[in-house]
Amino acid sequence: MYVAVKGGERAIENAHQYLAEERRGDVTARELSIAQIKSQMTLAVDRVMAEGSLYDQDLAALAIKQARGDLIEAIFLLRAFRTTLSRFAMTQPIDTGSMQVKRRISATYKDLPGGQVLGPTFDYTHRLLDFSLLDETKIEPLPGDEGCELPENMPRVTSILNRDDMIEQEHPDAEDDAVSDITREPLDFPTDRASRLQNLARGDEGFLLAMGYSTQRGYGNNHPFAGEIRMGEVEVEIIPEDLGFPIIIGEIAVTECELINQFKGSSVKPPQFTRGYGLAFGHSERKVMAMALVDRALRAKELGETVVGPAQDEEFIMYHSDNVESSGFVQHLKLPHYVDFQGELEMVRNLRAEHSGKEQEVRKTGGV
Amino acid sequence: MNDVQQGYNFAYIDEQTKRMIRRAIIKAIAIPGYQVPFGSREMPLPYGWGTGGIQVTASVIGKNDILKVIDQGADDTTNAVSIRRFFARTTGVKTTEKTSEASLIQTRHRIPEQRLNEKQIMIYQVPIPEPLRWLEAREKQTRKMHALAEYGLMHVKLYEDISRFGRIATSYDYPVLVNDRYLMAPSPIPKFDNPKMDNMPSLQLFGAGREKRIYAIPPYTKVTSLDFEDHPFEIQQWEENCALCSSEKSYLDEVVMNDEGERMFVCSDTDYCEKRRRQGHIGPMGTALAAE
């Protein structure tokens with residue numbers, strides 16, 4: 001006997017209770033602290049902040065804990081919190097040229113003013129499981145001296161190339177030009193580079209990685225060189241209306257990547273190197289490199305290149321880069337679709353009935 | 001359930017954002033069937049699960065409203081429960097399962113069987129607002145096609161259906177023309193519900209959160225489902241009646257009862273079905289419900 005399904009409400013409550021238990025896991029193991037996540041899962045925290053578009057390590061750590069380590073879910077939590085915040089000021093553009101650099105490398109020059117600074121990188125590590133980390137009783141030595149002082153002045157590689165006009169100039173927008181905000185306004189095509197970069201900055205790392213990679217495999221190749229990658233802390237300034245001059249409200253860690261790309265020139269532009277740009281919160285090197293590849297690919301039209309790959313197609317990239325959007329829509333397939341499915345059932349049944357009718361007719365007449 | 005969530009604005013969204021959404025809604029009402037881009041916000045529910053409808057509801061809901069939320073016609077499907085709880089928590093407004101009692105009805109995939117009135121607002125959750133999307137993937141192109149009212153492509157598609165299948169092979173999200181001007185996606189409601197949109201006394205609002213579009217059909221507006229003179233628009237029909245309330249006019253869901261594939265058909269609109277049973281209409285597998 002069929003009874004209409006009731007009790008969705010209790011089922012949901014029970015499921016949430018079960019989820020809370022699963023999140024906590026084995027209660028004999030000590031509960032994970034926000035401080036631990038924040039200080040030992042820093043790259044996860046950075047990714048959640050970058051794609052969550054909110055710089056707050058504590059909240060990102062909380063989101064990771066609540067999401068049981070599912071970073072896309074954590075990004076979603078942070079976004080849903082961000083959307084409730086009111087905006088009280090626009091910051092001045094950050095100056096990555098005066099960054100407190102922790103890492104800075106260039107693949108285009110062997111040495112350059114300021115030097116190559118490896119910093120805390122996985123590069124050149126051998127990916128061997130370090131079983132000594134299994135021992136959690138080990139007492140960590142306190143960090144020693146800071147090591148050598150880094151030079152204050154670290155000019156950007158692109159500004160070195162700038163001097164002989166070998167690379168295209170970047171022209172800042174006019175002071176009073178309002179920057180669009182993709183979190184407040186719907187996308188409008190064709191877009192400008194500012195909205196594209198905003199979209200890429202919060203875009204899914206995996207998606208951008210695949211799209212960037214595709215340009216390296218022939219789907220819109222643009223011969224990139226890693227001009228410079230730098231990571232470190234920059235100051236954030238705002239100009240309060242009643243003061244009229246900039247004040248520093250804090251520091252944020254960012255990673256920046258400037259790609260230098262070959263460009264053979266077109267009917268409108270002389271041969272010159274062009275740029276692809278990537279920037280994200282925290283230590284997000286893979287992300288910003290992929291972002292810079294895609295940024296450059298998306299400039300195809302502007303530079304008069306033929307669009308051959310998805311990475312060069314702005315509607316394709318910008319509509320599919322956001323993991324909160326895509327994760328939601330892919331997973332909405334879990335929601336009931338009985339009504340639509342009933343419509344399809346009815347139609348397919350009718351089509352089948354007609355089909356078998358036709359078949360019989362064909363058999364009778366012996367025709368085709 | 002009655003305790004209202006602390007620390008968030010009434011209906012979750014801040015007032016400035018609500019104003020922005022209301023402006024988009026007013027524009028949408030002024031140009032029936034036209035998709036108005038709006039600054040869709042992140043909601044605490046996932047995209048594709050009704051964020052557009054939620055934002056529209058949050059922008060129009062007031063303290064005295066009575067809210068009904070349905071999914072597949074039913075009030076007790078999990079997502080409808082979840083959205084109804086969300087508004088109960090963030091607004092404290094009264095919720096209901098009764099179509100006649102509601103001032104706002106947020107829906108996914110159905111229009112209630114009962115005729116709606118001028119005091120009610122229907123709010124549809126929309127996954128893909130662009131009716132031409134499957135024929136043309138580019139937004140730049142489709143906007144141009146709407147601007148020029150160039151809908152030949154859709155007619156060709158429907159014609160191809162007829163030449164291939166002998167009928168128009170679209171059973172839900174069946175395209176409509178609003179006010180003789182804009183081609184519009186009615187959202188994935190079954191085509192069975194399309195005629196209800198025509199000349200409906202209540203305001204119909206459509207929200208697509210992920211795609212950042214709002215559109216509307218003002219009360220008493222002409223809505224026609226596309227068809228051809230020799231292939232007129234038709235709605236779904238069943239040989240069976242509802243097994244619970246014996247209705248012969250409602251949209252039926254098919255329920256598989258056992259491993260042998262035995263089936264029964266029941267009203268997809270649960271409130272309608274219950275109401276009928278209270279009025280004494282009992283189907284072969286239904287039980288009488290006490291009158292109110």
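Q: Among contacts in chain B between residues at least 6 apart in sequence, what share joins residues at least 24 apart?
A: This is a predicted model: local features need pLDDT of at least 70, side-chain atom pairs count only at pLDDT 80 or more, and totals for chains, interfaces and linings use all residues. Residues are numbered from 1 along each chain as its sequence is written, while chains are lettered from A and ligands numbered from 1 in the order in which they are written. Two residues are in contact if their C-beta atoms, placed from the backbone, lie within 7 Å. For chain B, the share is 62%.

Q: What part of the 292 residues in chain B is buried?
A: A residue is buried if 20 or more other C-beta atoms, placed from the backbone, lie within 10 Å of its own. It is exposed if 12 or fewer do, and partly exposed in between. In chain B, the buried part is 50%.

Q: What radius of gyration does chain B have?
A: The radius is taken over C-alpha atoms, and the globule rule is 2.2 Å times the number of residues to the power 0.38. For 292 residues, a compact globule would come near 19 Å. Chain B agrees with this, because its own value is 20 Å.

Q: How far apart are the centres of the two domains of chain B?
A: Domain bounds come from an automatic or database domain assignment. Here they give domain 1 (15-225) and domain 2 (237-287). Taken over C-alpha atoms, their centres are separated by 26 Å.

Q: How many residues does domain 2 of chain B bring to the contact with domain 1?
A: Each domain has its own count. Domain 1 of chain B brings 14 residues. Domain 2 of chain B brings seven.

Q: Which helix gives the most to the side of chain A that touches chain B?
A: The contact takes 42 residues from chain A and 49 from chain B. Helices are DSSP runs (H or I, at least four residues), as are strands (E, at least two), numbered from the N terminus. On the chain A side, α1 (8-24), α5 (71-82), α11 (323-331) and α12 (338-365) each supply at least two residues. With eleven residues, the top giver is α12(A).

Q: How many residues on the side of chain A that touches chain B are nonpolar?
A: Ala, Val, Leu, Ile, Met, Phe, Trp, Tyr, Cys and Pro count as nonpolar, Asp, Glu, Lys and Arg as charged, and the others, Gly among them, as polar. This side has 13 charged and ten polar residues. Its nonpolar residues number 19.
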